[in-house]
Amino acid sequence: MKLGIIDMEMATTHFQVKLDTLAAALNVDPNKYRYGLRQEAFSMPALDEDPVTLAATAANRLLQRTGREGIRTMIVATETGIDQSKALGLFVQTLLELSSNMRIIETKQACYSATASLQMALGIVARKPEERVLVIASDVARYAVDTPGEPTQGAGAVAMLVGADPQLLEIEPASGVWSAHIDDFWRPNDSSTPMVDGARSLDAYLGAFTGAWEDYLAQGGSPIEEIDYFVHHQPFTKMAIKGHRRLVEHTGAAIDEQRVEPSLSYTPQLGNTYTASLYMGLLSLLHSDLDLTGKRIGLYSYGSGAAGEFFTMVPQPGYQKLLHPEIIAAAIADREELSFAEYRRLHAAHERGSKQDYTNPRVTGAPYRFAGVRDGARYYQHNEPQAATGAFSVLR
């Protein structure tokens, strides 16, 4: 019995920041971003957007095609969860009006947890093949201003429906894992932005990669020569290239970088999407002009702190009929561009807790919005796109 992904979809934010704009304001050579990071822009949430609205939007787009039958589990992976106790997915369940007969949990291990969620979902389906599992990766990557991480911010969500006899992607059984306690990137409970040791983070990413690869081979995985394309975690686009070069160096195989290049179309525009990053790369590859039918795709998932996993997928015959690249193209193109001053004001405005009640202005045109905080609890609304301002005047 084949297990894997039946269908998948994405969402991103209302606003974007062009890195040329950031470079000009900070007196930085734009080539540092364009070539050093291979980034062009990043998505930025409006005040009425957050990981819940992104997750619900991506899942809604998916479920409109797949239906809801057999979904008894939803797992939401995030490292920007909105509550230390309550699962983000419970808010999504309400917005999507999903059945109450569901198990709903949230997973966390930096950017890696979407892959852990996917593997958990496969276990549920293996036990009861008639069930399907909704897996969502949703995050807002927000860094402190005037830090090296500022140009690598971003936001987005990917929703995946996991089940038996998948029409889109079969996930093969072999998987290699590696974990160790490393202080390369972390965000304490009392901080809204992460702490980052850039050099250590680079080393941890690469070390976890080779460790997961060796375990993958030990678990009966395919030799590198039998893997046709690669998708690597993309905290910024150039990192995936560095990871691929390390794999080539480690294995001694002559694996052309063109085998990873098709997965790098979306991150340069969206920025870092944390748990969703790897799967944005997978969508990029699937949306390319390549015929991937029967080809083996190797995926490296990484989460700081640190955890890594290497595993493979195979696109199924007719998979192209399930793809909707026009949705992500429109999501990227329709974002409203912020000036530097608008971006910095919005960045500061997101520095809010739940100790005081507030109501958010209606900005996003997405189906769902974060309406505000009432009595310390966040509340959400179905949106009325025609009522959205579509402007940033609320902070000008």
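Predicted model: local features only at pLDDT ≥ 70, side-chain atom pairs only at ≥ 80, totals over all residues.

Visitor: Okay, where does Gln-39 lie?
Guide: You'll find Gln-39 in the loop between α2 (30-37) and β3 (41-44).

Visitor: Is Gln-39 buried or exposed?
Guide: Gln-39 is buried: its relative accessible area is 2%, and the cut-off for buried is under 20%.

Visitor: And what does the side chain of Gln-39 make a polar contact with?
Guide: With the side chain of Thr-237, at 2.6 Å. There's also the backbone oxygen of Thr-267, which sits 2.9 Å from a polar atom of the Gln-39 side chain.

Visitor: Which other residues is Gln-39 in contact with, leaving aside neighbours within four places in sequence?
Guide: Besides Thr-237 and Thr-267, the list has Leu-19, Tyr-33, Arg-34, Phe-236, Pro-268 and Gly-271.

Visitor: Switching topic: what volume does the second largest pocket have?
Guide: The second largest pocket comes to about 800 Å³. Its lining is made of 35 residues, and those nearest the centre are Pro-148, Gly-149, Thr-152, Val-196 and Phe-236.

Visitor: How many of the lining residues are nonpolar, polar or charged?
Guide: The lining has 20 nonpolar residues, 10 polar and 5 charged.

Visitor: Now the strands. Why is β4 largely enclosed by the rest of the structure?
Guide: Because 6 of the 7 residues of β4, which covers residues 71-77, are buried.

Visitor: Which strands does β4 pair with?
Guide: β4 pairs in the parallel sense with β6 (residues 132-141), over 6 bridges. It also pairs with β5 (residues 103-107), again in the parallel sense, over 5 bridges. Look at Ile-75: it stands opposite Val-135 in β6 and opposite Ile-105 in β5.

Visitor: What about β3, what order do the strands have in its sheet?
Guide: That's an open sheet of 3 strands in the order β3-β2-β14, with mixed pairing. β3 and β14 (336-337) stand at the edges with a single partner strand each, so one side of each has no neighbour in the sheet.

Visitor: And how many bridges join β2 to β3?
Guide: There are 4 bridges between β3 and β2 (residues 15-18), and the two run antiparallel.

How values were computed. Residues numbered from 1 in each chain as written. Heavy atoms only, no water. Buried < 20%, exposed > 50% of the residue type's maximum accessible area, 1.4 Å probe, protein only. Polar contact = N/O pair within 3.5 Å; in protein donor to acceptor, adjacent residues only side chain to side chain. Contact = heavy atoms within 4.5 Å. 1 Å grid on protein atoms, 1.4 Å probe; cavity = no way out; pocket = protein on both sides within 12 Å on 5 of 7 lines; lining within 4 Å. Points joined across faces, edges and corners; volume = space filled by probe spheres on them. Nonpolar A, V, L, I, M, F, W, Y, C, P; charged D, E, K, R; others polar. Pairing = 2+ DSSP bridges.
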